[in-house]
Structure formats: structure tokens, C-alpha cells
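Let's take a walk through this one together. Have the sequence and the coordinates open side by side, and follow along.

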Amino acid sequence: MSKELSKVRNIGISAHIDSGKTTLTERILFYTNKIHAIHDVKGKDGVGAVMDSMELEKERGITIASAATFCEWNDHAINIIDTPGHVDFTIEVERSLRVLDGAILVLCSVGGVQSQSITVDQQMKRYKVPCIAFVNKCDRSGANPERVVSQLKEKLGHNAIAMQLPIGLEAAHEGVVDLVTMEALYFDGENGEIIRREEIPAELQEKAEERREELIEMASNYCDDLAEAFLEEQEISPDMILQAMRKGVLKREVTPVYIGSAYKNKGVQPLMDAATQLLPDPSEVTNIALDLDRDEAEVVLSSSSEDPTVALAFKLEDGQYGQLTYIRVYQGVLAKGDTLINTRSGKKIKIGRLVQMHSNQMEDINEISAGYIGALFGIDCASGDTFADPKLNYSMTSMFVPNPVISLALVPKDNKSQINMSKALNRFSKEDPTFRTYVDEETNETIIEGMGELHLEVYVERMQREYNAEVNTGQPRVAYRETITKRADFNYTHKKQTGGSGQYGRVAGYIEPFADGEFEFINKITGGAIPTQFISSCEKGFKASLAKGALMEFPVTGIRVEINDGASHAVDSSEMAFQAAARGAFIDAYKRAKPVIHEPIMKVVIETPTEFQGTVMGTINQRRGTILGAQEEGPMCVVECQVPLAEMFGYSTVLRSSTQGKAQFTMEFANYKQVPQSITEELQKKRDEEAKKGAA
Amino acid sequence: MLKKDLMMRNPLRAVSDANGYILPEGGLGAVVARAGVGKTALLVQLSLNSLLKGDNALHISLGDPVRKVSLWYREVFNNIGTHYKIDKIDDLWNELLPQRFIMTFNIDGFSVPRLDERLTELADQDIFHPQMILIDGLPFNEQLKRTDLHALKDLSEKFNSHIWFTVRSHRHEEPDAEGLPIQISEYADLLDVAIKLEPEDNEIRLNVLKGSGSISTQDLSLDPATMLIKE
């Protein structure tokens with residue numbers, strides 16, 4: 001943990017589901033001597049890959065939680081974050097990207113750039129993470145790394161350049177030609193651990209020279225000395241090329257592409273070399289914190305171990321010994337026995353046990369220096385919290401957290417499950433900010449909310465497996481909203497005189513649609529028509545009215561309220577009276593403001609063989625979807641569309657059965673749109689029926 | 001109301017017939033220009049003109065991904081919104097969206113029978129019936145046969161539609177004896193309208209090379225800042 005910062009790499013492995021990133025991580029850990037045997041992802045041998053530490057992940061062959069692990073390669077300390085590939089878990093991906101300095105974008109040499117890769121790539125762009133690409137699965141039939149390089153250029157807009165050439169593809173994939181050193185690399189031994197360097201096979205020599213020239217030409221854009229040497233046809237050393245490429249990578253202007261097959265143990269070690277040679281060290285990345293004492297002014301953190309400590313908790317896990325908090329230290333040192341402040345809660349925390357993680361095995365350490373990732377025990381915090389030296393009141397920039405779009409009612413099967421369920425829910429909502437939970441006051445049911453059907457399903461399953469909580473689930477419910485479409489004036493008097501002290505308050509003004517947010521309250525009262533002390537009561541009253549709209553009891557959003565007149569009574573006016581007046585005014589004006597129902601619309605991207613294109617479009621058409629376009633690429637076609645979430649339940653089954661299981665789709669929230677009149681009527685009917693059932 | 005208002009102020013109205021069309025049913029039109037002068041921008045405006053009229057437009061791009069084509073539409077539409085000071089541009093955009101369909105092919109993967117197959121599939125399932133087809137990026141070179149254009153003309157008649165193409169010209173090439181760019185000279189008899197975009201001073205002129213009626217007499221240009229048509 002005391003390596004100089006230039007020899008530290010915090011890297012992520014980001015990719016589409018099933019492109020083999022967990023297998024790749026597994027191989028990396030094997031070659032760095034962190035594990036001593038290789039297991040398959042799907043757990044054929046009952047052990048499963050090390051990075052997939054959760055049971056459920058082992059079973060599904062997918063990575064859900066991003067475990068951080070530490071290893072060493074070529075005298076460099078490397079922290080690897082294994083990121084989930086499914087779009088429903090993007091908060092995990094985004095949270096991981098926040099703490100990374102560089103990433104390896106893994107692509108499948110058969111599937112190429114798929115819709116999920118586009119999402120992951122956009123996230124990398126958002127957090128400005130420099131990356132190198134690895135075209136995996138070159139041993140598969142249909143492998144075509146060159147096509148993937150051109151897709152990286154065309155579909156993702158990367159300035160991609162091959163750093164290697166494959167020696168044989170599909171079943172004949174033997175190794176790679178390194179275009180920097182101009183050597184052929186073969187991977188011998190039972191697990192490819194012995195690298196044999198030989199001359200480039202004669203049939204590839206010409207192609208390799210051609211490609212090397214292209215590579216040097218590209219690299220010379222980032223280094224004048226190299227450009228000069230290239231033009232004067234001087235000898236160019238591998239180091240010159242790598243240094244120039246590194247500059248391009250750090251600027252995110254070029255993406256070097258490596259190839260191989262992690263499963264067949266080919267090309268992994270050169271990729272590790274590249275990660276240490278081309279990706280940035282923590283001091284080369286600008287990290288910004290917000291100074292809460294100076295109105296959230298931005299402060300650049302120093303990445304020096306001498307300065308006061310600033311660290312971010314980016315992931316929580318429930319371990320055997322209590323809560324395990326993964327943290328990245330951005331500045332200063334975090335050592336055992338230190339006292340820091342959690343800037344969100346203002347609570348003091350004392351650092352107890354510190355560990356370095358190797359997936360679910362750990363190693364005790366005494367301190368974590370700036371630029372490093374580690375984990376600590378026994379700290380009560382939420383994911384995304386900042387720990388800082390008591391002298392600083394810094395918070396790391398807040399992450400964008402979308403509102404949930406779907407909810408599900410949970411009913412525990414027995415008392416024991418009830419207790420376990422609340423433990424699990426408490427943990428999950430701390431771990432994942434897009435997962436929320438509350439108790440519905442009317443039905444007394446526990447409701448969970450999240451970003452998609454699969455997102456909630458995974459948590460329900462985890463509840464059963466990890467916490468032994470047996471629950472029955474209700475039908476998923478879409479998070480509909482109400483809003484108004486036109487301005488309506490109000491002038492409402494709340495007056496009550498039925499014994500005791502009376503209540504009096506009058507408010508006048510208008511409500512109108514507000515596109516830029518959920519709610520805005522404007523006070524334009526002049527001359528004390530409503531005494532100042534009652535203004536906040538008016539706002540409270542209006543806010544309280546938003547919880548349930550008068551149309552169908554959905555939450556109301558996108559409303560601006562302005563009050564500009566009113567009246568009070570010296571004795572009978574009170575905070576309560578004005579709150580009641582505001583509620584009355586809202587109900588009165590709301591009906592006249594033409595309220596409508598809005599529903600969440602999802603952006604759905606479907607990849608299908610061309611022969612099923614028509615069928616797939618048919619399924620979208622039946623679901624009130626709008627097809628934005630269809631993109632044909634050889635045998636595959638990508639259909640982009642927008643579909644209401646309410647129509648997407650069970651779509652994966654429909655898609656599978658109508659395309660012989662050959663199509664797949666991803667879905668993410670796009671926006672809210674008005675529900676058509678006919679659907680509103682249906683919703684109303686359904687609600688009435690439910691109300692009747694409830695009454696009976 | 002908003003749509004009607006935009007239609008009334010649309011400069012393309014002056015060059016359209018009473019029903020708002022520039023090309024006859026089954027007709028073919030070409031927008032010729034050098035790279036980067038504004039072919040796609042003009043094509044998108046022709047398409048938006050048709051969408052505002054309530055017609056469906058199929059935009060076929062050979063090369064660009066759907067996302068990029070969508071971006072073109074959004075960009076041009078936002079510029080129109082700013083230019084004509086429209087308030088609820090998002091609502092109008094959402095209204096138009098279902099009328100537009102983008103299809104993209106690799107240049108090698110595109111053929112008229114394939115397009116016919118796709119369109120028939122869409123029409124049979126009642127998913128989309130285009131009244132206007134725009135083909136961006138079809139190479140007008142020695143590989144393009146007259147029979148291909150004949151086939152496209154038949155296709156356009158079959159779907160009661162009309163087709164606009166973009167044609168890329170080159171700076172160094174001289175026009176043919178008729179004054180037409182060499183890319184289209186061989187197919188001139190098949191085209192009903194041909195417009196050439198040419199940068200001139202601070203604007204881009206729309207020179208009508210071929211056409212009949214009002215289109216040939218109108219004086220139109222593109223504003224290089226917004227790429228919108230000016231009168």
C-alpha cells in the first residue's frame with residue numbers, strides 16, 4: 001500500500017452482459033497469483049468465478065454487485081472493480097465509474113458493439129473515464145475483431161486502433177501479433193501462463209507492417225517527436241509508441257484495441273501490460289469535491305497523502321462480520337484509529353479494521369493512502385457518503401440518481417420472514433439509491449420501488465437467499481403521475497366557526513404547468529394581505545396536496561403555485577387555518593386546470609436477426625410503442641423504440657418466444673408522457689373495481 | 001393550431017402544389033451538393049414539412065446510425081422552434097414522432113428488393129405507411145443502374161409515395177452539356193426535380209436544375225448558421 005502513485009491503477013472492467021468480463025477478471029487474478037485455480041462463470045464445478053461473490057450471480061452467470069479486488073502486475077498495484085453489465089443495475093455501474101481512473105471496455109468478437117455497450121460507453125463518457133478495449137472470445141465461431149474495431153468507430157464514435165493482430169481466429173485462434181514490439185505472442189502451459197515470443201508468421205508479416213504504420217501514424221498525433229521520427233523514417237522504439245498512445249488515451253482521444261480469448265487463456269497478460277502502460281494513475285485524474293462551507297464551491301483534490309483526508313464510500317456489502325464499506329481515498333491517508341467526519345450526517349467516525357479486498361477474501365492493512373481503494377468494517381453509513389478530515393467540510397460531487405419508475409407490494413409469509421425482510425430492505429436501500437422502500441399507510445403493505453422489473457426481481461430473490469425472507473409479491477405497479485395542462489385561478493376562503501376558537505384564512509392566486517421541475521411556490525403577496533408568518537403554512541398546504549392528485553390519487557408534479565392576495569383575521573387565523581385554505585384552494589383550482597395522467601416511457605433497444613425484424617416491430621406496435629428506427633447490420637438488426645413501461649411487463653418472454661430466443665433487449669427510463677384518453681379510462685375503471693373489492 | 005401556423009409560415013409552401021407537395025405521386029427528386037454543404041439538413045426539412053402536414057415520412061440513411069439521424073431531426077426541429085418562437089416544442093415533437101420512421105442500412109446491405117420487402121412487412125402489419133421516402137447516401141456512381149431507379153420509382157408508386165435522394169457532387173467536376181452535375185446526368189429523365197445547393201457569399205443558394213411550376217421560379221436559400229430555408 002506504499003507504492004508511489006504513478007504505479008497505482010484503479011481500473012474497471014465494463015461491458016455488455018455475457019461478453020466475458022467475469023472470466024477475464026478471473027484470469028487476471030490467476031495470472032497475478034491472487035487465486036490458484038480457474039473456475040467457470042456458471043459454476044459447472046460448483047465453485048464459480050471469484051468475482052461473482054453472490055449466490056444469485058453464480059446461478060445466473062451474471063455479475064450484479066461490483067466487488068473490488070486488489071492485485072499486482074509488473075510492479076504496479078491494481079485495484080479492479082468488476083462492474084455489472086445489465087442495464088437495470090446501471091446505478092452500480094455508474095457508482096463504480098465514479099471511483100475509477102481508467103477502464104477496460106470488453107467487447108465480444110462475435111456480438112460486437114451491442115446496445116448495452118452503448119449505454120456503458122455513454123456512462124464512461126459522462127464520467128470521462130479513459131479506456132482501452134479488449135475484443136474477447138476470438139476463439140468463438142464467427143469471431144471478427146476487425147468488425148468490432150470498425151463498430152467502435154462507427155457506433156460509439158471512438159477513435160479506435162488495433163494494437164494487435166490475431167494469429168488465427170475461431171477454433172484456430174493461437175495467439176496475437178504485438179504491433180508495438182512486432183513479435184508473435186503464444187500462450188503456453190495449462191492455463192496460458194507461459195508466454196512464448198516468436199517471429200511474426202510469414203503470412204501475417206505484411207499485414208502487421210501495414211497495421212503498425214497505421215498505429216504509428218495515429219500515435220504521432222499525440223507526440224511531436226514521434227511524428228518527426230515517423231516522417232524522417234527513423235527507427236521507432238516501442239516505448240515511443242506507447243508514450244504517445246498514453247497521451248491520447250488520457251485525453252480520451254484514442255482507444256487502443258487488444259484482442260484475445262480470456263476463456264482460452266489468450267491475450268490476457270498483454271492486456272494487463274497495456275493497463276499499466278496506458279491507463280492513468282490516480283494523480284493524473286482531476287477529482288473534484290464540493291466545499292459545503294463555501295456554498296458548494298468546487299475544490300480540486302490533491303491526490304497527495306500529505307493533505308487532510310477525503311474519502312468516498314462507494315459500495316456497501318453485508319459481510320459475516322457486519323457492514324463492509326468499500327471506499328476510495330482521494331486525498332490524504334485513512335489509517336486505523338483516525339477520526340473522520342461523515343459530511344452527510346455530520347457524525348464522527350473512528351476508523352477500526354481496514355482491509356484490502358480480494359472479492360470475498362480479505363487482507364488486513366493499517367492504512368489506505370490517497371488514490372487507493374480499500375474497505376472498512378463497523379462504520380454505519382450509506383453508499384455515496386463522504387468521509388473527511390474534521391478540518392474540511394467537503395462532499396464528493398453528488399451522483400445523479402433517477403427516480404424509481406416501478407413498484408411492487410411485498411407480503412412476508414410469516415413473522416420470521418417479516419423480521420428478515422426488514423433487515424434486508426434496510427440493507428438494500430442503503431446499498432442502492434435507486435431502490436426505495438416504504439409502507440403504504442392505507443393497505444399497510446410494504447412497497448419496494450426501483451428502475452425495472454428485473455431490478456426488483458433480483459432484490460426479491462436476494463431477500464430469499466441471503467436473508468431467508470419468504471415473501472409473496474403483488475403485481476408490479478407503474479409509477480403514474482398527475483399534472484395540469486393549463487392555468488387556473490383560485491380565490492378560496494377557509495372559514496369555520498363551530499364552537500371554540502374559529503379558523504379563518506383566504507388565499508388567492510393561480511396554479512400553472514411548470515416544466516422545469518416538480519413544484520415551485522411563488523409568494524407575490526404585498527401589503528401584508530397574508531401575514532408573513534403564515535406564508536410558509538400556505539406553501540406547506542399546497543405541497544401536502546401534491547401527494548395525491550384529485551384525478552386518480554397519483555402524485556402530482558410539474559406545478560407552479562403563485563399566491564398574490566389573501567386575507568387574515570386577527571384572532572381566528574392560524575397556521576392550520578392557512579394550510580387548510582391552501583389545500584382547499586388547490587382542490588378547487590386543480591379540477592379547472594385540466595389535470596392529466598403521465599406515465600413513464602422506456603427507451604427500448606432490441607437486437608434481433610433480420611428475419612424477425614417484422615415480428616419484433618409487431619410486438620412493439622401492439623404495446624403502444626413508437627418505433628424510432630431500425631438499423632440493419634449484416635445478419636442482425638437493431639430496433640430502437642419508445643414504449644410505455646406499463647406495456648413492458650413480461651416482454652422478455654414474449655420476445656424470446658417470438659424470435660426462437662434469438663433476440664434480446666435492453667430498457668431504460670426515457671421520460672414521462674401523457675397517457676392517452678382511452679388508457680386513462682381503463683385505469684379509472686380498474687381503480688374503481690379495486691376500490692369496490694376493497695370495500696367488500 | 002401550432003402545426004397550421006408553422007405550415008403557413010413554411011417557406012417551402014411557395015414551391016409546393018395546392019396539396020402541399022413538391023413532387024408528384026411516384027415522383028423522384030434529388031438534392032445535389034458537395035460534402036458538408038447541407039444536403040441532409042435540407043432533406044430533414046423536406047421531411048419535417050411532410051410530417052407537419054400529417055404525412056408519414058420514412059428516412060433511410062445508408063451509413064449513419066439511427067441515433068445520428070434522430071439528432072439531425074432534433075437539431076433542425078429545435079432551430080425551427082427557436083426561429084418561429086414556438087413555446088411547446090416538446091409537445092409538438094412528441095406528436096410528430098410516430099409519423100417518422102428511420103431505417104438505416106450499410107451501403108453494401110442496401111438493395112431495392114430488400115427495401116421493398118421491409119416496407120411491405122411494415123405495411124402488412126399496419127405498422128407504418130410512408131407518404132414520403134427520403135434516401136440519404138445512395139451512391140450515384142457507375143454501380144447505380146437505371147433499372148435501380150426504375151425499381152425505386154415503381155416502389156414509390158406502389159406505396160403512393162414519392163422519393164427524395166441526396167446526391168454528392170465534387171468540387172473539381174465540370175457539369176455536363178445540359179449544365180447538370182455528372183452524377184445525375186445519366187438519370188436526369190427519371191428525376192422530376194433536381195436542386196443544387198451552392199455556397200454563395202453568406203448563404204447557401206438552392207438552385208433548381210430541373211423542375212416544373214413554381215419550384216423553378218422561386219428564390220430560396222439556406223441560412224448557414226441554422227441550415228434553415230430562408231425566403
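Helices here are DSSP runs of H or I with at least four residues, numbered from the N terminus. By that rule, residues 182-185 of chain B make up helix H7, and Gln183(B) sits in it. Keep in mind throughout that this is a predicted model.

Stay with Gln183(B) for a moment. Setting aside neighbours within four places in sequence, Gln183(B) has contacts with Val32(B), Phe140(B), Val167(B) and Ser169(B). Asn141(B) is worth a look too: it is 42 residues away from Gln183(B) in sequence, yet their C-alpha atoms are 6.5 Å apart.

Now turn to where the chains meet. On the chain B side 18 residues take part, touching 17 residues of chain A. Helix H3 (66-83), strand S3 (100-105) and helix H5 (112-124) of chain B each put at least two residues into that side, and S3(B) gives the most, with 5. Sort the chain B side by class and you get 11 nonpolar, 6 polar and 1 charged residues.

The largest nonpolar core counts 107 residues, and Ile104(A), Ile132(A), Ala133(A) and Val257(A) have the most contacts inside it. Why does this core lie between domain 1 (5-284) and domain 2 (288-396) of chain A? Because both domains give residues to the core. Zoom in on Ile132(A): beyond its neighbours within four places in sequence, its contacts include Ile104(A), Val249(A), Pro256(A), Tyr258(A) and Leu279(A). Apart from this core lies another, of 103 residues, with Leu408(A), Met617(A), Leu23(B) and Val193(B) among them.

Finally, a word on confidence. Chain A averages a pLDDT of 83, and 89% of its residues score at least 70. Two stretches of chain A to treat with care are residues 42-48, where pLDDT stays under 50 and the model has 8 contacts beyond four places in sequence, and residues 50-66, also below 50, with 54 contacts beyond near neighbours in sequence.

Note on methods: Residues are numbered from 1 along each chain as its sequence is written. Chains are lettered from A and ligands numbered from 1 in the order in which they are written. This is a predicted model: local features need pLDDT of at least 70, side-chain atom pairs count only at pLDDT 80 or more; totals for chains, interfaces and linings use all residues. A nonpolar core is a set of buried Ala, Val, Leu, Ile, Met, Phe, Trp, Tyr and Cys residues joined through C-beta atoms within 7 Å. A residue is buried if 20 or more other C-beta atoms lie within 10 Å of its own, exposed if 12 or fewer, and partly exposed in between; C-beta atoms are placed from the backbone. Domain bounds come from an automatic or database domain assignment. Two residues are in contact if their C-beta atoms, placed from the backbone, lie within 7 Å. pLDDT is the predictor's confidence in each residue, from 0 to 100. Ala, Val, Leu, Ile, Met, Phe, Trp, Tyr, Cys and Pro count as nonpolar, Asp, Glu, Lys and Arg as charged, and the others, Gly among them, as polar.
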